[in-house]
Amino acid sequence: MVVFLQFADPELKHYIKSHSLPQIHEALLIGLFIQCPDDPLLFLEEKIKELQNQMKYQRLLPTKERHLELNWDMFITDEFKQRMAKTIGSYLSYLFDLESGEVLAPELYERAYFFHSYSLLRKCFCGWQLYIRSIKRRRMKMLQYAIKAEHFYRTNKLKRAFDAWMTWVLFQKRRQALAVKHLQHVSDQLLCKIILKEWSTLARDTRSTREYFERLERGELDDETDIHLAGVEDIIFLLPWPAALKVFSYLDVRDLVRCAQVCQFWKVVAQTSSLWSKVNFFPVRKRVQDTDVANILRNYRTFVIHLSLRGCNNIGWGTFKSISDCRNLQDLNLSQCRSLTDEFVSMVVEMCTSLLYLNLSYTAISDGTLRSLSKFGLNLQFLSLAYSKKFTNKGLNYLATGKGCHKLVYLDISGCTQISVRGFKSFGVGCNEIQHLVINDMATLTNSCITAMVTYYHNLTTISFLASPHISDAAIKTLVQGRRIVKIKIEGNQHISDASFKVISKSCPNLNHIYVSDCLRITDNGLKFLSILKNITVLNLSDCISLTDLGIRSFMDGSSASKLREINLSNCINITDLSLLKIIQRCPSLLHLRLRYCGRLTDSGIEWLGNLPTLLTIDLTGTNIQEQGLGNLGHCTKIQEFILAECSGVTDIGLQKFYAKVIDLAYLDLSHCLLVTDLSTKTLAFCCRRLTSLNIAGCPKITDLSIQYLAGVCHYMYSLDISGCVSLTDSIFTFLKKGCKKLRILKMLYCSNITKEAVKAVTNVQHVEYNDENPPIWFGYDNKGNELVTTKQEDEKTKKPDQ
């Protein structure tokens, strides 16, 4: 009934409550259950009729007096009520252990009833909880089973997809492997063709060279025939335009003007604007005239960006007027121009407002030039006044008060000994953005000058004080503190000590270039201070005779050893093979190594240098290198510059082993190696055909045959020094003229068998030095190549027979 009433219609619910239908229903059912009549329907019919009669009677009464009592036991007879009382009493007596005849209070009945109802309710609730838990456990198990089933399904699906993908990948890999194999086969065939073609060309060239040498030795060559006569076909016309421009870009002004007169095509190429953006008159400085320079600049004034007139003394007003018309000019070099005046400089800097670089070194400029720069040099960034000694402190004061030169980042005032402390202060005030400062050859430079100048320089990164003997550790301390110095150069100073290196190591963590030469107070402790720096790439400690292996080891154990690119330990007479071993172990990237006059180095130590395959330059002048060391140095196949001057142990056998491996050799110095003969020169010419500079001065056993070997193959020879080669004759000029057409520098001092008439006939060489005097005594031989015997050696020879 309760459940029914929860969802019943409100009107029906009101009707049921207002007529007390639940109470009537309860009373009828209890009476029916208790009395258990024979005919239940008849019993219910009678009891319902009694209720109807009572209700009719109640309607007749006034409203206030109406009262119908509906109890649960109203339809139970008195006889059954008494039985119920006895039954309940006996049951309760049994439960509560009551004495006979004792009747319980109604409250106890009520409490017992509620306790019993609560117990039943609790049992129902516990049963319901167990049921709910079992339902939850079942649902959890089903959920786990569903998750496992889904995971299994997905895994199986992914496995099938992965198997299909793996099959496809293996198939693609097999296809790619076949394709790579095919491409590799094609590439190998093409590479073999190229190698075979190059080998064929090299073999043919080598065979022709060998045949040339053989005919030369047999005397079958005709001196009048040209060596390797080139074809007459114009290959420039056949080249693409960019390639033709690249070829012409290597020519100087004189050659470009000449090429423009060959043919129409060469004229078009030679007059291309890109070739005239950088004009250098230095190679033709002795022949060029004022009108020539003026005409060239007038024709190409809009294209000229870089212009060099260094050493041109025949220029005048016309040239500088043309320079002033080059409005795009950015770089101007007027070094060593004797005709340069303040008016010319003023005219140029006033009109060329884009000028960034200006070199006025070795000129006669005065304070007027500095006054013009202070007015018009608004964009100037690089200025060189080196060895210009006619300007004074007054001119420098213009820079401090004017508007120009405030953007300077590079300043070179080397050799300007007329500058005082006041002048240096003016430089500091007017040019306070300097980053690179060069003050070389300043015998008057003191600590006060440097202090007055660099106080205003907060961006200084590079300093150079070569041949400035009076500066001390105090000046270095003032320079480096609070600045980001990355490069420092000091030479010929007896006041700089290890204290400077200590300050440098603390204040300059980014230092990468150290050039400290001929500083006798630098010891091993200084190198120990420098070992904490991490970025040093250039280390020059030449003529620091106090250094030993201990200092070199301390520095090589530091952080910069692996980054070193250049090391110069020339004349460090106390270092031994231990230093070389440390250098080889710690400097894998070394490119340049100079060990001049390191007399304690042995051939075994020099032999280890073959383990540095990256070396490009080696200077072993005055060392004890022998045949074995030379042979192992050939493992450094990248060597381009090799100096072996004054090495008495150098022989042809060692040189031949070395030449056979260094085919890229470009610069070679064998001066005063008395045992060198034509045999090694033949190997040199055969293997090192890219040679551009050769110094064989003081080699008395060199003959005309060596020059003929070189001229026949080494066509790129630019500089040749044969001073003291007393066996050479006038015949060498015929070979040099035919084979070495690019020769520009030729030195022939103390060549007594070469005549002045033959030297005067040499016109294709720009710089020639010659005399026919006898070799000096320190050469060690006379004008016939015979070794000179000293007094000490004569005494030893006379003592031996007596013994």
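This is a predicted model: local features need pLDDT of at least 70, side-chain atom pairs count only at pLDDT 80 or more; totals for chains, interfaces and linings use all residues.
Student: What percentage of the residues in the protein chain is buried?

Tutor: Buried means under 20% relative accessible area. By that cut-off, 40% of the 803 residues in the protein chain are buried.

Student: What does the radius of gyration say about the protein chain?

Tutor: Set the value against the globule rule. A compact globule of 803 residues would come out near 28 Å, but the protein chain has 56 Å. Along the principal axes they are about 175 × 75 × 70 Å.

Student: How many helices and strands are there in the protein chain?

Tutor: There are 30 helices and 20 strands. Contacts come next. Take those in the protein chain with a separation of 6 or more: residues 24 or more positions apart account for 73% of them.

Student: Take one residue. Where is S426, and is S426 buried or exposed?

Tutor: S426 belongs to helix α16, residues 421–430. Its relative accessible area is 9%, so S426 is buried. Leave out residues up to four places away in sequence, and S426 touches L396, N397 and A400.

Student: Now the aromatic rings. How is a pair described?

Tutor: By the distance of the centres and the angle of the planes. A search of the whole structure finds 15 aromatic pairs. One of them joins F248 and W266, with 5.7 Å centre to centre and 85 degrees between the planes. Planes over 60 degrees apart count as edge-to-face, so that is the label for F248 and W266.

Student: Which parts does the F248 and W266 pair tie together?

Tutor: F248 lies in helix α8 (residues 241–248), and W266 in helix α10 (residues 264–270). The pair therefore ties together parts that are 18 residues apart in sequence. Both F248 and W266 are buried.

Student: Which residues form an aromatic cluster?

Tutor: Y750, W778, F779 and Y781 form one.

Student: Which charged residues lie over rings?

Tutor: Two cases. K489 places its charged end over the ring of Y515, 5.3 Å from the centre. R689 lies over the face of F686, 5.6 Å from the ring centre.

Student: Finally, how many salt bridges does a search of the whole structure find?

Tutor: The search finds 9. Begin with D325 and K321, whose side chains meet at 3.6 Å, N to O. D325 is partly exposed, with a relative accessible area of 30%. K321 is also partly exposed, at 32%.

Student: Which residue forms a salt bridge with E641?

Tutor: R594 does, with the closest N and O atoms 3.8 Å apart. E641 lies in strand β15 (residues 641–643) and R594 in strand β13 (residues 592–594), so the pair ties together parts that are 47 residues apart in sequence. E641 has 21% relative accessibility and counts as partly exposed. R594 also has 21% and counts as partly exposed. Both belong to a network of salt bridges that links R594, R596, D619 and E641.

Student: And where do D664 and R690 lie?

Tutor: Their side chains meet in a salt bridge of 2.7 Å, N to O. D664 lies in the loop between α25 (652–659) and β16 (667–669), and R690 in the loop between α26 (678–687) and β17 (693–695). The pair therefore ties together parts that are 26 residues apart in sequence. D664 is partly exposed at 29% relative accessible area, whereas R690 is exposed at 52%.

Definitions and conventions:
Residues are numbered from 1 along each chain as its sequence is written. Side-chain values use heavy atoms; hydrogens and water are left out. Rings of Phe, Tyr and Trp (its six-membered ring) pair if their centres lie within 6.5 Å; planes under 30 degrees apart count as stacked, over 60 as edge-to-face and the rest as tilted. Helices (H or I, at least four residues) and strands (E, at least two) are DSSP runs, numbered from the N terminus. Buried means under 20% relative accessible area, exposed over 50%, partly exposed in between (1.4 Å probe, protein chains only). A charge sits over a ring if NZ of Lys or CZ of Arg is within 6 Å of the ring centre and within 35 degrees of the ring normal. A salt bridge is a side-chain nitrogen of Lys or Arg within 4 Å of a carboxyl oxygen of Asp or Glu. The radius of gyration is taken over C-alpha atoms; the globule rule is 2.2 Å times the number of residues to the power 0.38. Contact means heavy atoms within 4.5 Å.
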